[in-house]
Amino acid sequence: MDNQNLFATLRAGFPTDLDAVAIETADGPGAPLHYTWRDLDRATAMIANLLEGLALPAGSRVAVQTEKSVEALMLYLAVLRAGHVFLPLNTAYQSAEIEYFIGNAEPAVVVCSPKNFAWVSRIAFSAGTDHVFTLGDDRSGSLLERAAHCSDRHTPAVRQAGDLAAILYTSGTTGRSKGAMLSHGNLASNAQVLQRYWGWRPDDVLVHALPIFHVHGLFVASHGALLNGSRMIWFSKFDPKAAIGRFAEATVFMGVPTLYVRMLAEAALTPAACAHMRLFISGSAPLLTETFNDWRARTGHTILERYGMSETVMLTSNPCDAAQGERRGGTVGFPLPGVGVRVRDDQGRDCATGEIGGIEVTGPNVFSGYWRMPEKTKEEFTADGWFKTGDVGRFDAGGYVTIVGRSKDLIISGGYNVYPAEIEGVINDLPGVAESAVIGVPHPDFGEGVVAVVVPKPGASLDGAAIVADLKSRIANFKVPKHLFVVPDLPRNAMGKVQKNLLRDQHKGLFA
Ligand code: MLC
Ligand code: AMP
């Protein structure tokens with residue numbers, strides 16, 4: 001039987017000329033560095049051999065919190081190649097967050113930045129992890145030192161489509177993150193569908209400017225280029241001006257809406273600067289129609305908006321090929337080939353065209369469940385096996401899907417998910433706090449900005465700035481409220497439920 005290992009699938013897409021450049025760094029230590037396809041093949045073999053030499057139990061998790069670098073991408077590929085399970089972690093996560101992920105996932109191996117070794121290894125070893133390696137963004141650290149002694153030849157471990165490839169933690173409405181379990185088959189099938197649907201061409205060049213610890217940068221962008229044997233221009237950190245400066249030699253760009261908003265603020269964004277580009281793709285958060293229109297006016301290109309999530313990878317996309325239809329602003333396009341999308345009301349009945357309901361999905365891309373949370377998994381699937389996305393939307397007569405909101409209490413800030421329940425939990429534990437409500441309100445840069453409304457305990461006096469400073473040491477910086485109000489009480493309805501809609505309405509102009 002064929003090996004369904006995702007690495008083997010991606011490796012089969014490498015070009016015949018392995019000495020061609022696969023990745024060129026655009027920033028970071030030593031840039032520009034050039035990595036050939038052979039470099040990717042050899043280095044991933046060496047790291048995979050290092051992992052195999054550890055004789056880890058089957059299904060071992062390898063948790064990684066490192067700065068973005070080509071070597072960090074190689075580590076991901078090596079974990080797949082060795083047949084282990086990759087667990088990427090946002091670099092913004094603080095110790096309490098890392099402690100939860102490591103405690104929950106029980107990784108056999110943890111890889112962290114050299115500067116974080118002391119505290120990360122303390123957490124990892126006390127959770128039972130056997131091996132902690134370091135990897136810096138300048139090729140420093142014990143991982144590469146150890147891998148340097150390993151063979152550069154390695155046969156990918158045999159894996160079936162249903163075998164686990166990665167766990168992506170996604171926050172929960174109850175405040176605790178859940179690990180979405182994605183298989184080799186989930187990821188490979190989605191990458192192959194996107195390769196065809198987005199018409200990847202042999203000479204495509206991708207400007208890769210997203211972080212590689214979430215679906216968008218790690219799977220959608222990297223898999224796309226690797227599977228197609230296409231060169232990447234690799235930014236470790238997004239810089240709007242520098243990204244525009246590379247469009248002359250590139251053809252594809254993928255970004256969250258904030259990236260487009262920031263590029264629009266650059267005078268260098270002109271039709272001439274984008275003349276070589278073929279495709280601009282946006283996702284992870286709603287793209288404002290204004291941004292969609294401004295982009296077209298400024299560059300002559302129509303952004304292709306698509307929709308997906310950690311549990312499912314990509315679900316819908318506006319067409320790439322004009323013969324399949326126009327790219328419609330404000331919509332996320334059509335269900336991808338092989339993906340089932342339906343819109344249902346609260347009673348589980350299919351909504352008519354134009355009617356708004358909960359979006360449910362099925363397909364080879366949909367995850368199998370949450371890591372060690374069978375009850376939670378059961379709740380999120382319908383009796384007939386469709387996954388309830390928590391997004392609310394509708395189909396129009398042309399078959400385009402529009403997302404109109406979310407039934408889950410979720411804020412998306414600059415493409416990162418922030419769950420109010422989690423932030424409220426942290427704030428409520430602070431001394432002198434009686435209760436709090438965390439909301440998202442329109443933000444010109446991040447789409448939504450996090451705002452907290454906090455009620456002190458009787459007799460206590462709270463200093464909003466001090467709370468914000470305190471939160472910065474406890475939670476990832478993008479989750480920290482951009483503004484915090486101290487108020488005597490929260491608006492409640494007759495049932496006693498906090499009326500977040502009133503708070504959102506009250507503060508909607510805060511960042512205007
Ligand atoms: C940074 N900051 C943010 C933020 N990013 N605040 C709110 N929301 C964000 N997303 C704040 C920091 O806390 C810090 O504040 C200050 O900005 C500077 O930090 P930085 O790290 O230098 O910021 P910057 O490099 O400008 O980052 C902004 C960004 C980044 C937009 C480039 O957030 C980003 O790369 N976002 C992409 C996220 C992504 O890839 N999402 C895909 C998820 S996958 P202070 O106060 O501490 O100074 C998914 C599925 C799908 O959703 O469909 O794709
Ligand atoms: P995550 O859990 O980080 O994978 O985020 C997934 C969520 O991002 C989805 O459930 C949607 O709410 C949102 N999302 C992704 N793409 C889009 C889009 N194009 N428009 C609106 N929301 C999106």
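**Figure 1. Strand 13 pairs with strand 12 and with strand 14 in the predicted model**. Strand 12 (residues 279-282) runs parallel to strand 13 and is joined to strand 13 by 2 bridges; helices (H or I, at least four residues) and strands (E, at least two) are DSSP runs, numbered from the N terminus, and two strands count as paired if DSSP finds at least two bridges between them. Within this pair, Ser282 is the residue opposite Glu305 of strand 13. Strand 14 (residues 313-317) is antiparallel to strand 13, with 4 bridges between them, and Tyr307 faces Thr316 of strand 14. Strands 13 and 14 form a hairpin in which 3 residues separate them. This is a predicted model, in which local features need pLDDT of at least 70 and side-chain atom pairs count only at pLDDT 80 or more, whereas totals for chains, interfaces and linings use all residues. Residues are numbered from 1 along each chain as its sequence is written, chains are lettered from A and ligands numbered from 1 in the order in which they are written, and side-chain values use heavy atoms, with hydrogens and water left out.

**Figure 2. Strand 13 (residues 304-309) is mostly covered**. Of its 6 residues, 6 are buried, where buried means under 20% relative accessible area, exposed over 50%, and partly exposed in between (1.4 Å probe, protein chains only). In a regular strand the side chains alternate between the two faces of the sheet. In strand 13, Leu304, Arg306 and Gly308 point one way, while Glu305, Tyr307 and Met309 point the other way. Residues of both sets are buried.

**Figure 3. Ligand 1 is surrounded by 23 residues**. A residue belongs to this shell if one of its heavy atoms lies within 4 Å of the ligand. The closest residues are Lys237, Arg262, Ser284, Arg306 and Ser413. An N or O atom in the side chain of Ser284 lies 2.6 Å from an oxygen atom of ligand 1; this is a polar contact, a pair of N or O atoms within 3.5 Å (within protein, one must be able to donate a hydrogen and the other to accept it, and residues adjacent in sequence count only if both atoms are side-chain atoms). An N or O atom in the Ser413 side chain is 2.6 Å from a nitrogen atom of ligand 1, and a polar side-chain atom of Lys482 is 2.8 Å from a nitrogen atom of this ligand. On its own, ligand 1 has 1,000 Å² of accessible area, of which the protein covers 76%; accessible areas come from the Shrake-Rupley method with a 1.4 Å probe, and for residues only the protein chains shown count as cover. Helix 8, helix 10 (257-264) and strand 13 each contribute at least two residues to the shell. Helix 10 contributes the most, with 3 residues.

**Figure 4. Ligand 2 has 17 surrounding residues**. Arg306, Ser310, Asp391, Lys408 and Asn417 are the closest. A polar backbone atom of Ser284 is 3.1 Å from a nitrogen atom of ligand 2. A backbone N or O atom of Ser310 lies 2.6 Å from an oxygen atom of the ligand, and a polar side-chain atom of Lys408 is 2.6 Å from an oxygen atom of ligand 2. Taken alone, ligand 2 exposes 500 Å², and the protein buries 92% of that. Strand 13 and strand 20 are the elements that give two or more residues to this shell. The largest share, 5 residues, comes from strand 13.

**Figure 5. Four strands form an open antiparallel sheet in the order 16-17-19-20**. Strand 16 (340-344) and strand 20 (401-406) each have a single partner strand, so one side of each is left without a neighbour in the sheet. Strand 17 (residues 357-362) and strand 19 (residues 387-395) share 4 bridges, with Gly358 opposite Val392 of strand 19. Strands 19 and 20 are joined by 5 bridges, and Val392 stands opposite Gly405 of strand 20. Strands 19 and 20 also form a hairpin with 5 residues between them, and Gly399 in the turn has a positive phi of about 90°.

**Figure 6. Ser230 lies in the loop between helix 8 (215-228) and strand 10 (231-234)**. Ser230 counts as buried because its relative accessibility is 0%. A polar atom of the Ser230 side chain lies 3.4 Å from the backbone oxygen of Asp204. The C-alpha atoms of Ser230 and Pro15 are 8.2 Å apart, although 215 residues separate the two along the chain.
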